[in-house]
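Thanks for coming, everyone. I have one model to walk through today. Please have a look at the screen first.

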Amino acid sequence: MKFLDLYNQDKSILKLISRDINKIIKKSDFILGNKVKEFEDKFAKYCETKYAVSCANGTDALFLAINSLNLPKGSEVILPAMTYCSTLFSVMRCNLKPILVDIDKNTSTISVEEIKKKITKKTKLIILVHLYGDMPNLYKINKILIGKKIHIIEDASQAHGAFDYSSKKPIKSGSYGILSCFSLYPGKNLGAYGDAGIITTNNKNKANYIKKYRNIGSDKKFYHDLVGVNSRLDTIQAAILIRKLKELNKNNSRRKKIAKIYSENISNKNLKNFIKKRTKYKRKQ
Ligand SMILES: Cc1ncc(COP(=O)(O)O)c(C=O)c1O
């Protein structure tokens with residue numbers, strides 16, 4: 001059995017995707033074309049934010065987002081000890097000091113209690129990683145942030161379309177932090193046919209800065225007044241992602257149904273107990 005059969009998942013939209021790719025080839029519109037802007041607008045709407053800026057991959061999304069905060073060198077950044085290496089590496093790439101915090105033993109996300117213990121005067125940023133579609137309790141996070149000048153960045157690379165239900169109004173992943181980062185690697189819930197990434201935000205200045213930075217420091221052809229990087233999303237990938245975004249909610253629901261079947265049929269006692277405890281814990285929140 002294939003662990004992830006993307007061909008099977010996308011079968012119903014492959015003809016449309018092929019048609020879109022042919023059109024792009026005919027137009028020779030390969031870099032930052034109209035489709036990139038269209039995907040960014042649609043993804044921002046999906047995440048309930050004003051802006052979205054695409055880039056080459058999730059690792060770059062994290063770097064571009066953290067870098068745009070322009071934090072003093074050596075500032076402390078709290079992040080979960082259990083995450084993908086890119087979250088940590090992006091902090092280091094920005095010359096900031098990573099402070100690793102354990103996850104909550106009942107979930108797979110950062111422990112709010114442990115965050116409290118690790119906050120110092122030098123803490124300028126907390127990165128929340130929504131691992132396996134799970135989001136931390138944002139109601140509790142809000143409480144510990146009161147009166148503190150600490151930014152939040154979401155690493156929502158594993159949580160496209162997820163919600164946190166700890167407050168009266170559910171909060172969608174990608175809409176909470178000053179900036180939120182998504183990987184669009186093929187195996188993600190929303191995946192391109194190659195590497196891709198995107199950042200969501202309600203902050204216009206940050207969106208414009210990142211747009212320029214990811215385009216080798218340029219927002220006007222041949223003018224490069226910022227030492228940026230080349231981290232653009234290909235037009236072809238954007239066209240594929242537009243088609244796949246329409247399928248995301250349906251695919252997420254199907255994943256949940258399949259997960260339920262696994263949960264109900266697991267015979268390993270330890271795992272069964274963990275799932276039971278986790279479900280109870282999440283319901284209480
Ligand atoms: C939580 C998390 N952060 C960051 C990344 C990095 O994304 P990418 O592989 O697109 O660079 C991933 C991807 O695996 C991830 O799961």
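I'll start with the whole chain, then go to the ligand, then to individual elements and residues.

First, a caveat. This is a predicted model. Keep that in mind for everything I say.

The overall picture. The protein chain has 285 residues, and its radius of gyration is 19 Å. A compact globule with 285 residues would come in near 19 Å, so the chain agrees with that expectation. Along the principal axes, the C-alpha trace spans about 55 × 50 × 30 Å. The secondary structure comes to eleven helices and nine strands. Buried residues account for 36% of the chain. Now take the contacts in the chain between residues at least 6 apart in sequence. Of those, 68% join residues at least 24 apart.

Next, domains. There are two: domain 1 covers 9–247, and domain 2 covers 248–285. Their C-alpha centres sit 26 Å apart. Domain 1 puts 13 residues into the contact, and domain 2 puts in nine. On the domain 1 side, that splits into three nonpolar, eight polar and two charged residues.

On to the ligand. How many residues surround the ligand? The shell has 15, and the closest are Gly58, Thr59, Tyr84, Ser157 and Ser183. By class, the shell holds ten polar residues, three nonpolar and two charged. Two helices to look at here are H4, residues 58–68, and H5, residues 85–93. Each gives the shell at least two residues.

Now a strand, E9. It runs over residues 197–201. Why is E9 described as largely enclosed by the rest of the structure? Because five of its five residues are buried. Look at both faces. Gly197, Ile199 and Thr201 point one way, Ile198 and Thr200 point the other way, and all are buried.

E9 has strand partners. Strand E1, residues 51–55, pairs with E9 in the antiparallel sense, over five bridges. In that pairing, Ala52 stands opposite Thr200. Strand E8, residues 179–183, also runs antiparallel to E9, joined to it by four bridges. There, Phe182 stands opposite Ile198.

Helix H9 covers residues 235–245. Eight of its eleven residues are buried, so H9 too is largely enclosed by the rest of the structure. The buried set is Thr235, Ile236, Gln237, Ala238, Ala239, Ile240, Leu241 and Lys244. Note the lysine in that list. What do the buried residues of H9 pack against? The answer is helices H1, H2, H3 and H10, plus strand E1. E1 is also the strand that pairs with E9.

Ile21 is in helix H2. Leaving out residues up to four places away in sequence, Ile21 touches Ile236 and Ala239. Both of those belong to the buried set of H9. Ile21 and Thr235 are 214 residues apart along the chain, yet their C-alpha atoms are separated by 8.9 Å. Is Ile21 itself buried or partly exposed? It counts as partly exposed, because it has 15 C-beta neighbours inside 10 Å.

Second residue: Arg278. It is in helix H11, residues 269–284. With 17 C-beta neighbours inside 10 Å, Arg278 counts as partly exposed. Beyond its neighbours within four places in sequence, Arg278 is in contact with Asn106 and Thr107. Ala44 is another matter. Arg278 and Ala44 are 234 residues apart in sequence and 31 Å apart in space, C-alpha to C-alpha.

Last topic: backbone angles. Most residues other than glycine have a negative phi. Two residues here go against that. Leu32 has a positive phi, near 45°. Leu32 lies in the loop between H2 and H3, and counts as partly exposed because it has 17 C-beta neighbours inside 10 Å. Asn70 also has a positive phi, about 50°. Its place is the loop between H4 and strand E2. With 9 C-beta neighbours inside 10 Å, Asn70 counts as exposed.

That's my tour. Questions, please.

Methods. Residues numbered from 1 in each chain as written. Predicted model: local features only at pLDDT ≥ 70, side-chain atom pairs only at ≥ 80, totals over all residues. Buried ≥ 20, exposed ≤ 12 C-beta atoms within 10 Å, placed from the backbone. Contact = placed C-beta atoms within 7 Å. Near = placed C-beta within 6 Å. Nonpolar A, V, L, I, M, F, W, Y, C, P; charged D, E, K, R; others polar. Pairing = 2+ DSSP bridges. Rg over C-alpha atoms; globule rule 2.2 N^0.38 Å. Domains from an automatic or database assignment.
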